[in-house]
Amino acid sequence: MNAESLRKILELERQRGYSDGAVFGGLDRFIYNWSQGAVELVKSPKLLVQFHKLFKAGYAAMSKEQRAAWVINVLQFLTDLEGKDNVAAASTKPAPVKKKSAPKPPPKVTVGQAPLEAPITIVKGISTTLAGKFGKLNVKTVRDLLYFFPNRHIDYSKLKTISQLVAGEEQTIIANVWQAQETRPGGRKSTEAIVGDETGNMRVVWFNQPYLAKTLTTNARIILSGRVSVFKGRHVFQSPEWELAEGQDSVHTGRLVPVYPLTRGLHPRQVRRLMKEFIDKWVGQVNDFLPDGLRKRLGLLELPAAISQAHYPEDEENKDKARVRLAFDELFLLQLGVMKKKRDFQETKPGTPLDIKDELLNRFLTSLPFTLTAAQTKVLEEIKSDLTKAVPMCRLLQGEVGSGKTVVATAALLLAAANGLQSAFMAPTEILAEQHFATICQLLSKLGKGEGEENVYSFKGILENPVTVALLIGDIKQAGKKQIQKQVQSGEIDIVIGTHALVQKGLEFAKLGLAVVDEQHRFGVEQRSALREKGFNPHMLVMTATPIPRTLALTLYGDLDLSVISELPPGRQIVKTKWLKPNQRESAYAFVRKKVGEGQQAFILCPLIEESEAIEAQAAVAEYERLSSEVFPDLRMGLLHGRLASAQKDMVMEEFRAGRLDILVSTPVIEVGIDIPNATVMLIESADRFGLSQLHQFRGRVGRGQEQSYCMLLADNPSEVGQQRLDIIENTFDGFKLAEEDLKMRGPGEFFGTRQSGIPDLRMAKMSDVGILELARNEAIEMFKTDADMAKDEHQALAKEMARVWTDAGEWS
């Protein structure tokens with residue numbers, strides 16, 4: 001396999017505008033075959049890592065810009081492959097001289113030979129175009145497709161007639177369409193149909209889907225599945241799942257039918273048929289990595305059987321057994337990984353024990369305008385105990401919005417400074433970093449005299465030398481940034497507060513002793529590790545306002561000890577919460593106007609748009625302009641979104657904080673850290689798009705002052721899950737209860753909103769069975785006791801799987 005053949009193909013692909021047309025059948029198949037023979041040419045370990053990264057990518061699923069960048073990277077790799085470093089690496093391991101022979105042709109890709117990391121284009125029936133559509137669902141390899149599990153199953157073996165339907169339950173009927181027409185309930189184009197079977201007729205409405213009026217022809221026989229509601233005393237389906245009942249192919253009588261995630265261009269019937277054929281042919285290629293003894297002792301299905309039953313289960317019992325096995329795998333691998341991280345962190349390098357200066361702590365606590373709650377005091381004692389040990393602290397501090405986590409963290413920062421050590425405080429957003437900077441400076445100003453510039457303050461009289469605090473964020477001018485970096489490196493700055501900028505290469509610490517990370521779930525594990533590596537082995541305090549149930553916290557953060565501030569300071573009020581129907585929008589606006597008239601302020605939160613921050617910002621601008629011109633033309637409005645420069649964000653927030661704005665229209669950037677006591681109303685648009693924990697965070701932006709506060713939730717057409725969510729948030733105010741509910745509904749993988757880089761995906765694990773979590777944790781602990789490095793023969797397959805799932809687990813590879 002020479003580099004020249006691939007280089008020519010890539011140059012041709014470049015000339016053709018990255019259309020994936022340089023070779024017949026698409027580049028993925030050519031690259032896969034080329035790489036099978038080329039791997040032997042890579043002698044340099046550094047190039048080998050690069051090789052595996054580059055040739056694992058699915059070209060068909062990339063955008064044009066991504067394809068262009070990938071081609072450039074591969075061409076550079078080919079140049080490096082022929083360079084002296086690779087040649088030198090090859091020469092360090094002299095091999096017997098062999099006669100030159102023609103290179104072997106690439107192996108033909110057959111089901112029996114292809115590895116699970118091959119692109120999905122090698123699967124029969126998946127063209128380059130179809131692969132691109134699957135790519136949008138993050139399905140790029142054969143393994144991805146095997147683990148592309150359905151969202152749910154519909155049990156077509158338990159059909160009901162219309163007369164048997166019960167309100168509030170998920171049910172399925174087969175009926176004839178008598179009439180279908182476009183309607184406009186609430187001004188939204190929709191489809192309404194009358195359907196019937198031998199026992200009666202009923203109404204079906206699909207909101208925002210006017211095109212169905214033409215699709216559903218009179219006398220068409222359809223399957224409807226969804227939750228039945230009651231309207232004016234009669235049963236009605238609202239936006240149910242539906243399919244044309246075309247014989248046995250769609251009904252699959254007597255079986256559970258999978259409902260797969262879809263994207264534009266993928267259709268339910270097409271995906272089901274493809275997946276059934278694919279699973280039947282390919283599932284046998286999967287090797288079971290769990291040791292036989294462990295699997296049999298726990299009574300778990302073999303892995304191929306579990307994957308097969310997760311897609312097309314024989315019955316509910318087998319579906320549940322498959323879920324248990326696959327969820328166990330995820331949590332077991334996750335637990336082993338985080339336990340290894342903790343061991344590496346605490347045992348490979350000693351920490352720096354701190355001398356607890358009780359006199360300083362007492363002065364700090366006395367200077368506060370309030371007394372710590374019992375929960376805060378308990379947590380502070382746990383942190384003090386950790387800091388005195390030679391093993392570095394790894395602690396997760398959970399507490400509701402407003403429970404006083406920052407005060408506890410500031411006490412730890414002071415103790416580090418008193419021991420001559422530096423601290424880094426890392427926040428997920430610039431707004432939050434600035435707010436922490438302001439809060440910490442305010443707390444220290446009660447202890448000592450502060451002086452300084454915009455981003456650097458020194459406080460005299462607290463310790464023998466001044467305590468210096470700096471803010472380092474992306475928006476600071478380059479000269480100021482370099483000055484702060486220089487002062488951090490020289491040790492002049494004791495506490496540096498910032499965003500991800502703190503993990504960048506330009507910042508070196510003189511003696512980092514403590515790292516505090518706020519809102520952990522917004523940071524990848526790699527960023528946390530990078531910050532940790534800035535110091536010899538600093539103590540680590542991770543804080544989150546997202547309540548995480550204890551079992552899940554122990555599983556996801558097995559590398560951290562757990563502290564919880566379980567009570568709010570006295571006087572914090574419950575925010576009255578109301579889920580409004582679409583026809584109550586005007587009432588909501590009238591209520592906002594009334595409260596502004598009473599001298600209070602309001603937030604209006606625009607919808608979450610996951611595709612792009614740019615689209616989210618555009619939508620917020622459009623909503624701001626509509627509200628300013630049509631709804632509140634006489635009120636003072638502000639706009640905040642993620643695309644604004646930091647200085648603009650600061651200006652808007654300062655205007656709102658100072659009361660010079662009545663209403664702040666914002667995207668979800670306000671989720672954490674905004675503290676405006678005079679804001680008493682939170683109006684959330686498209687509230688059904690957010691998770692319960694996020695909604696709880698937004699609600700926590702109000703209710704921070706003396707006046708009664710309110711949260712109004714608007715949702716035009718919530719799905720069944722959306723309705724459940726809104727019902728729960730309207731009636732539940734305890735963050736931990738909400739987190740439990742959120743996890744039951746969404747599972748841990750989605751719970752954190754964004755994927756954590758460095759942590760394996762959780763697709764099957766849910767909170768509904770705490771037993772699996774505890775079982776996986778206990779088994780991982782046992783394995784760690786007996787064979788932490790997985791050196792035993794029976795653990796070799798597991799070690800390989802660990803190396804694949806945790807890509808940085810060096811000794812497992």
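A polar contact is a pair of N or O atoms within 3.5 Å; within protein, one must be able to donate a hydrogen and the other to accept it. Keep that in mind for the tour of this predicted model.

**Stop 1: Arg325.** Select helix α13, residues 316-347, and find Arg325 in it. Is Arg325 buried or exposed? Arg325 has a relative accessible area of 0%, so it counts as buried, the cut-off being under 20%. Now show the side chain of Asp288. A polar contact of 2.9 Å joins it to the side chain of Arg325.

**Stop 2: the largest nonpolar core.** This core has 63 residues. Select Leu145, Leu146, Ile307 and Phe332, which have the most contacts inside it. Then colour the helices that each supply at least two of its residues, among them α6 (128-135), α7 (142-146) and α12 (303-311). Which helix gives the most to this core? It is α13, with 11 residues.

**Stop 3: Leu145.** Zoom in on Leu145. Beyond its neighbours within four places in sequence, Leu145 is in contact with Ile120, Val123, Ile126, Phe134, Val139, Met275, Phe278 and His311.

**Stop 4: a second core.** Move to Leu360, Ala375, Leu397 and Leu502. They belong to a separate core of 62 residues.

**Stop 5: the largest cavity.** The model has 2 cavities of 30 Å³ or more. The largest holds about 40 Å³ of space. Select its lining: Asp28, Gly58, Ala60, Ala61, Pro119, Ile120, Thr121, Ala131, Val139 and Lys140. This lining has 6 nonpolar, 2 polar and 2 charged residues.

Technical notes:
Residues numbered from 1 in each chain as written. Predicted model: local features only at pLDDT ≥ 70, side-chain atom pairs only at ≥ 80, totals over all residues. Heavy atoms only, no water. 1 Å grid on protein atoms, 1.4 Å probe; cavity = no way out; pocket = protein on both sides within 12 Å on 5 of 7 lines; lining within 4 Å. Points joined across faces, edges and corners; volume = space filled by probe spheres on them. Nonpolar A, V, L, I, M, F, W, Y, C, P; charged D, E, K, R; others polar. Helix = DSSP H or I, 4+ residues; strand = E, 2+ residues; numbered from the N terminus. Buried < 20%, exposed > 50% of the residue type's maximum accessible area, 1.4 Å probe, protein only. Core = buried A, V, L, I, M, F, W, Y, C linked by side-chain atoms within 4.5 Å. Contact = heavy atoms within 4.5 Å.
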